[in-house]
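I wrote them as I went, one topic at a time.

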Amino acid sequence: MRGNLIGPRVLLRRLREAMAGAGDAQKKLDSIVVLIASNMVAEVCSIYVMRDNVDLELVATEGLNPDAVHETRLKVGEGLVGQIAAAAESLSLSDAQSHPAFAYRPETGEEIYHSFLGVPILRGGHTLGVLVVQNRARRDYSEEEVEALQTTAMVLAEMIAASDVVAPVAEANRSRQRSIRQLHGTVLGEGLGLGHAVLHEPRVIVSNLIAEDASIELSRLNEGIGNLRAWTDQVLLRREVARTGEHRDVLEAYRMFAYDRGWANRMREAVGTGLTAEAAVERVQNDNRARMMRLTDPYMRERLHDLDDLSNRLLRLLSGHVVTAAGEDLPDDAIVIARNMGPAELLDYDSEKLRGLILEESGPGSHVAIVARAIGIAAVGQVAGILDDVEPGDAIIVDGEAGDVHLRPGADVELAYADKVRFRAEQQARYRAERDLPATTLDGQDITLLMNAGLLVDLPHLDEAGAAGIGLYRTELQFMVAARFPRMEEQCQAYSSILNAAHGMPVVFRSLDVGGDKILPYLRHAHEENPALGWRAIRMALDRPGLFRTQIRALLHAARGQELRVMFPMITEVAEFDQAKDLVNRELRFLAEHGHQGPSDIKLGTMIEVPAILWDLEALFERVDFASIGSNDLLQFFWASDRGNARMSDRYDPLSLPVLRMLRDIQVRADTAGTPLTLCGEMAGRPVEAMALLGLGINSISMAPPSIGPVKEMLRKLDIGQLQEMMGDLSDSGKSLRQPLEDFAKAYNIPI
Ligand code: PEP
Ligand code: MG
């Protein structure tokens, strides 16, 4: 039989010519079925296309009764053709009529044909139709024939999508894919982002399907697969990949697939049928996608998703597009979408154009989420399946308040969000207008509003938000977003930039606070059952002082000739502060011995975030120049309630009386000792909580930059004396002051 074939490559070229030629759509389809039938030495060749997602309509045939064209319809799942469409799998039978699914359609006259081979016409995993050949004699179709027909179907699919040949089909398919969708995830970064989809890893559009020279395409494919394997080996070896956790699982799966011979061979076979290397990858990817869409087992779906990712990467390798969308022309309102992303990759984007970020994986604790918050974009993570549905350029809304994503939103949703955005913009304008006004309460008390920072991208906020300085600079963030330990010079450079940007305003650098939830993937770390209670922060610094000393040296260099403030995290007992201070003094001596200029003044402080230190505060305050309450950790230890556990996040109230009593106690004792005290945990940035802190007498608070506006607006309407009267001596037996505080704010028109 093969002797009669004109060869799949010639067929593909003729198909292309037939589609490109003049004439109406029906004529083209009619000539295509003749071409295919003659190439396959089949008596029948028929094309069925999907209508409205439910019916398969016979649109062209060679061999069946021509009157059946546009008359015969089968439901998806009905008959052999319907089954192929439903399963998105080919079907080859030597005696079709004895198959239980065979549906007899008298108008077609197909009863005389026994052998049947049908393949789905797939595009992007979606079924556009079914292509069938039939023979009178009972015969088995060879694997090569199946393969050749699948390739033909792929070319047909691309042509259908790219032209108006079967316009209603392509249209129906497009409109289905492009329907409105709402997805939900976890908030990574607050805010609202309205814009257009940009795929972080751009999909390669394969436009050249038909190979000029099969042997060249085969060697291109082999080279691509080789490069892909090398890439998976490399990323797994690289030390920045966490040793455990989801990310590594995905990479392990990538490697397994990259080395899978079955996958490689399927692509090679597809090249053998006349496709280019890229088209062969896409052919196999189509089958994979079709399977993925039909699987319900989440684990298997995930793995097929991995394979899909890997196919995309192979396509990029083959076409030389390995870069991310950050290097491309972005729309002015880019919403970047990725399965996952490293923090440095997000920093590569032009932040002026970035409106939002959507990730299929990554939770709030991920490093990319930290960067998203620092840049100040709306970001939502753990949005399963968005990449299966989104097309570049789609309109998208990221709701970084509710954790919702609206894909191709309707006009009503767009309007509602446009209102929200306008409201936020007005709010922001109000905050900006108040930026240069003093942070003074109605009864004349000056409050120090500082901001928390940790990356260079935070710096513009210093001016924008109108902060009086940086109350907490989390130095570990630079370490967390890097691929390896930042060298001393790199650290020094970062610290200098911060001091420069602060223009003499105070900056409190916190020494490295790694461990717990702050993991440096490249730092070997023994497994701990309870990392929050483990070997972290100052404990690590004192046990292995190398890192700590390098950091201190970088800080001392950066702050030459000016004041330097350094604060130690997780001080649990006074002796730890003493030891840390000794190490700083050693570095100072070292500097002096080598004739380097040091800071004009050094102030050393401590975080108060471990309950034990509360029983030795006087001794601590005698030693330190300042202190800052880290309410995030202090409360997690106070309540024995994991700060990162979403189930626990609303369980206990920071405005409960026991918490307020503890905070007031710290404040009173700091006051007695004359030690400047700040609070720099998340509660400082929430207006009601901030109001309570002011009522306790804590008049220096440090918060994320976006909170400064709302907190300042609140305090400028607040009379602290009145508030303190309302709060009383906290001796009540009530549970929480939240409600009374909210009532108070309402009564006095205080925006909270
Ligand atoms: C805290 O614990 O409250 C704090 C400010 O530090 P971090 O959130 O970085 O642990
Ligand atoms: Mg802390």
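This is a predicted model: local features need pLDDT of at least 70, side-chain atom pairs count only at pLDDT 80 or more; totals for chains, interfaces and linings use all residues.

**Entry 1: Arg 510**

I started with Arg 510, which I found in strand S17 (residues 507-510). Is Arg 510 buried or exposed? I read a relative accessible area of 3% for Arg 510. Buried means under 20%, so Arg 510 counts as buried.

Next I looked up what surrounds this arginine. Leaving aside neighbours within four places in sequence, Arg 510 is in contact with Leu 472, Tyr 473, Arg 474, Thr 475 and Glu 476, and also with Lys 518, Gln 551, Met 567, Pro 569 and Met 607. I also checked Arg 510 against Arg 565: the two are 55 residues apart in sequence, and their C-alpha atoms are 8.4 Å apart in space.

**Entry 2: the whole chain**

I then stepped back to take in the chain. I noted 27 helices and 22 strands. Along the principal axes, the C-alpha atoms fill a box of roughly 100 × 60 × 45 Å. The chain has 752 residues, and 53% of them count as buried. I also looked at contacts between residues at least 6 apart in sequence: 67% of these join residues at least 24 apart.

**Entry 3: the nonpolar cores**

Which members of the largest nonpolar core touch the most other members? I found Leu 346, Leu 357, Phe 568, Leu 663, Ile 666 and Ile 701, out of 120 residues in that core. I followed up on Ile 701. Beyond its neighbours within four places in sequence, Ile 701 has contacts that include Thr 448, Leu 449, Leu 450, Leu 679, Leu 694 and Val 711. There is also a second, separate core of 64 residues, with Met 40, Val 119, Ala 153 and Phe 257 among them.

**Entry 4**

Which strands pair with S14? Strand S7 (residues 181-184) pairs with S14 in the antiparallel sense over four bridges. Strand S13 (residues 395-399) and S14 are also antiparallel, again over four bridges. S13 and S14 form a hairpin with four residues between them, and Gly 403 in the turn has a positive phi of about 80°.

His 70 has a phi near 70° and lies in the loop between strand S2 (55-62) and strand S3 (73-75). With a relative accessible area of 35%, His 70 is partly exposed. Ala 88 has a phi near 55°, and its place is in the loop between H3 and strand S4 (91-93). Ala 88 counts as buried, at 7% relative accessibility.

**Entry 4: a pocket and the cavities**

I ended with empty space. Rolling a probe the size of a water molecule over the atoms shows where such space is left.

The second largest pocket has a volume of about 450 Å³. It is lined by 20 residues, and those closest to its centre are Arg 266, Val 284, Asp 287, Asn 288 and Arg 291. Elements giving two or more residues to this lining include helix H8 (261-272) and helix H9 (277-294). By class, I noted nine nonpolar, three polar and eight charged residues in the lining of this pocket.

How many cavities of 30 Å³ or more are there? I noted six. The largest cavity has a volume of about 100 Å³. Of its 13 lining residues, Tyr 48, Leu 74, Val 81, Ala 103 and Glu 110 are the closest to its centre. Helix H3 (79-87) and strand S6 (126-135) each supply at least two residues of this lining, and the largest share, three residues, comes from H3. The lining of the largest cavity divides into eight nonpolar, three polar and two charged residues.

Definitions and conventions. Residues are numbered from 1 along each chain as its sequence is written. Chains are lettered from A and ligands numbered from 1 in the order in which they are written. Side-chain values use heavy atoms; hydrogens and water are left out. A nonpolar core is a set of buried Ala, Val, Leu, Ile, Met, Phe, Trp, Tyr and Cys residues joined through side-chain atoms within 4.5 Å. Buried means under 20% relative accessible area, exposed over 50%, partly exposed in between (1.4 Å probe, protein chains only). Contact means heavy atoms within 4.5 Å. Two strands pair if DSSP finds at least two bridges between them. On a 1 Å grid over the protein atoms alone, a cavity is a set of points where a 1.4 Å probe fits but cannot get out, and a pocket is an open set with protein on both sides within 12 Å along at least five of seven lines; lining residues have an atom within 4 Å of a point. Grid points are joined across faces, edges and corners, and a volume is the space filled by probe spheres set on the points. Ala, Val, Leu, Ile, Met, Phe, Trp, Tyr, Cys and Pro count as nonpolar, Asp, Glu, Lys and Arg as charged, and the others, Gly among them, as polar.
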